[in-house]
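Here is a short briefing for a reader who is new to this structure. Please look over the sequence and the model before reading on.

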Amino acid sequence: MRLMHTAVVTPVLPAMARGLKGHCPRCDQGRIFYRYLKVSPECPSCGHDLAQYPSDDGPAYFTILLVGHLVVAPLLLFPFIWKAPTYLVVPGVLIPLAVLTMLVLPRVKGAVIGALYALKVRREDQALHTADRLD
Ligand SMILES: [Zn+2]
């Protein structure tokens, strides 16, 4: 059964904080994901339809933005990165970056779902996106 959107909606930042923790943006109790990045069809605690929020490529974009700009760019300021042998730098940097990215991605996806919940953006609203319209 699909719930109507008449419930009290959480403000954007608290909803994003709930999603950041991997919790349902509505009740802050149930888990958003049933596997690494798989969104539960509905909240196991309150039954809210979590699959209706089209996070799509947003979490990947914001994760790249965060990791790339807050970690990779400052890392280049340290001389050992460009003076050390490549066979040491590449695995020594790429492996921790991959681990960091894998840790950040589900949190960012939860935050994006929280923002979409608070802003009432749902998959059914995709028809309103002018780029998706057929001529
Ligand atoms: Zn819930």
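A helix axis is here a line fitted to C-alpha atoms over the stretch in contact, and an angle between two axes runs from 0 to 180 degrees between N-to-C directions. The model is a predicted one. Its protein chain holds four helices and zero strands, in the order α-α-α-α along the sequence.

**The chain as a whole**

- Of the 135 residues in the protein chain, 19% count as buried.
- Among contacts in the protein chain with a separation of 6 or more, 58% are between residues 24 or more positions apart.

**Helix α2 against helix α4**

- The axes of α2 and α4 cross at roughly 140° and come within 8 Å of each other.
- Angles over 145 degrees count as roughly antiparallel and those from 65 to 115 as roughly perpendicular, so α2 is oblique to α4.
- The crossing of α2 with α4 is right-handed.
- On the α2 side, the contact is made by G58, P59, F62, T63, L66, V67, V71 and L75.
- On the α4 side, the residues taking part are V93, L97, L100, T101, V104, L105, V108, K109 and V112.
- Sorted by class, the contact of α2 with α4 has 13 nonpolar, three polar and one charged residues.

**Helix α1 against helix α4**

- α1 and α4 pack with their axes 7 Å apart, at an angle of about 145°.
- α1 crosses α4 in a right-handed sense.
- From α1, the residues V12, A15, M16, R18, G19 and L20 take part in the contact.
- They meet R107, G110, A111, I113, G114, A115, Y117 and A118 in α4.
- By class, nine nonpolar, three polar and two charged residues make up the contact of α1 with α4.

**The largest nonpolar core**

- In general, nonpolar side chains of soluble globular proteins tend to be buried together.
- In this model, the largest nonpolar core has 14 residues.
- Residues with the most contacts inside this core are L50, Y53, V112, I113, L116 and Y117.
- Helices α1 (12–20) and α4 (86–118) each supply at least two residues of the core.
- α4 gives the largest share of the core, seven residues.
- Leaving aside neighbours within four places in sequence, L50 is in contact with C24, I32, V39, S40, P41, E42, C43 and I113.

- Is A118 buried or exposed? A118 counts as buried because it has 20 C-beta neighbours inside 10 Å.
- A118 lies in helix α4, and its C-alpha atom is separated by 5.7 Å from that of T10, 108 residues apart along the chain.
- Not counting residues up to four places away in sequence, A118 touches V9, T10, P11, V12, A15 and P25.
- P41 lies in the loop between α1 and α2 (58–75).
- P41 has 11 C-beta neighbours inside 10 Å and therefore counts as exposed.
- Which residues does P41 touch, not counting residues up to four places away in sequence? P41 touches L50 and A51.
- The C-alpha atoms of P41 and A51 are separated by 4.9 Å, and the two residues are ten residues apart along the chain.

Notes: Residues are numbered from 1 along each chain as its sequence is written. This is a predicted model: local features need pLDDT of at least 70, side-chain atom pairs count only at pLDDT 80 or more; totals for chains, interfaces and linings use all residues. A nonpolar core is a set of buried Ala, Val, Leu, Ile, Met, Phe, Trp, Tyr and Cys residues joined through C-beta atoms within 7 Å. A residue is buried if 20 or more other C-beta atoms lie within 10 Å of its own, exposed if 12 or fewer, and partly exposed in between; C-beta atoms are placed from the backbone. Two residues are in contact if their C-beta atoms, placed from the backbone, lie within 7 Å. A crossing is left-handed if the near helix is turned anticlockwise from the far one by less than a right angle, and right-handed if clockwise. Ala, Val, Leu, Ile, Met, Phe, Trp, Tyr, Cys and Pro count as nonpolar, Asp, Glu, Lys and Arg as charged, and the others, Gly among them, as polar. Angles under 35 degrees count as roughly parallel, over 145 as roughly antiparallel, 65 to 115 as roughly perpendicular and the rest as oblique.
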